[in-house]
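Here are a few notes to go with your first look at this one. Have the model open while you read.

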Amino acid sequence: GALVRAVGQPSVLGELLAGVIVGSSVLGLVDPQVEVVHLMAELGVILLLFAIGLETDLKKLVQSGGVSAAVALVGVALPFALGYGSCRLLGLSNLVAIVAGASLTATSVGITARVLSDLGRLQEPESQIILGAAVIDDVVGLIILTVVAGLTRGEQVTVASAAGVAGAAFGFLAVTLVGGSLAISPLVRLLGKFRPPATPTILALIFALALAWLADKAGSAVIIGAFVAGVLIARTPRAGEIEHGITELGHVFVPIFFVSVGAAIDVRVFNPVDPENRTTLMVGGLLVLAAVLGKFAAGYAVPWFKGRKHVIGVGMIPRGEVGLIFAQM
């Protein structure tokens, strides 16, 4: 992380590259499937999204809601269509094409937010739109994943079942934002009664983990729950103190998440000399192109927005935790 920062790049890039080097396909020091590594990586991404939520202004996020929704929907539909079409052109089956297209729909709110935070650009209008769109993208991506998982098991997917999944996911967001706004005042009063150092941070972390657990139980993603917890606590008087404590804790666990993402990459697949890899590289190359073009074009889905649309497009490109959830499923 420090090395890539020295050449003007976000530290997350160094952490990802470090993961590739120590991963099973190079040095073989880190296996992301080991339960302890996986657990610490999960905690890392929860802390990351909680910290990003603490830096997010709910008012700005709501103001950019319409633009974010438009960017998110185009950012789901276009990569899905391009990915599906690419696979069908290469002669792959309908189900394989659907799974491949669906895996391109999510934007990594974790990676995008981390890069914007490293660059000190998290409060800019484009960043707020990207964050809002990335959260919506991840929710929609998880809904699509639930539907696709049903298809792969041979289940009959109906409009009603898909609507039920969507309702549960967006319902969780609405209920936690409204209910949390009402509950946050008593929580602040509770925090005010504690004087020992770090107690507000510990209570806030418990709140974040509780919302992450609730999100998982509601069929959404733990990262969505953690982000909402951060957004709610950002409006409290102790937010600055809590943010400092969470950031310090994140310095330990957040890099483990990015290292584990890098360690999951098998670099041997990129060897074109091996005939078995050629089809994978061809399909993978087309899907990368579809993924990049589809998300970049989403930045231009809002002609009424007067800001830098190319910045939104670039911010929508990264894939990470939800993409890995697709791969593991």
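1. A word on terms: buried means under 20% relative accessible area, exposed over 50%, and partly exposed in between (1.4 Å probe, protein chains only). Keep in mind that this is a predicted model, where local features need pLDDT of at least 70, side-chain atom pairs count only at pLDDT 80 or more, and totals for chains, interfaces and linings use all residues. Residues are numbered from 1 along each chain as its sequence is written, and side-chain values use heavy atoms, with hydrogens and water left out.

2. Start with phenylalanine 270, in the loop between helix 12 (239-263) and helix 13 (275-298); helices here are DSSP runs (H or I, at least four residues), numbered from the N terminus. Phenylalanine 270 counts as exposed because its relative accessible area is 53%.

3. Now try helix 7 (residues 109-118), which is mostly covered, with seven of its ten residues buried. Among them are Val109, Ile111, Arg114 and Leu116. Just after helix 7 comes glycine 120, with a positive phi of about 70 degrees.

4. Next, valine 74, which sits in helix 5. Is valine 74 buried or partly exposed? Valine 74 is partly exposed, because its relative accessibility is 31%. Leaving aside neighbours within four places in sequence, valine 74 is in contact (heavy atoms within 4.5 Å) with Pro79, Ala298 and Ala301. Its C-alpha atom is 10.0 Å from that of alanine 133, 59 residues apart along the chain.

Technical notes:
Helices (H or I, at least four residues) and strands (E, at least two) are DSSP runs, numbered from the N terminus.
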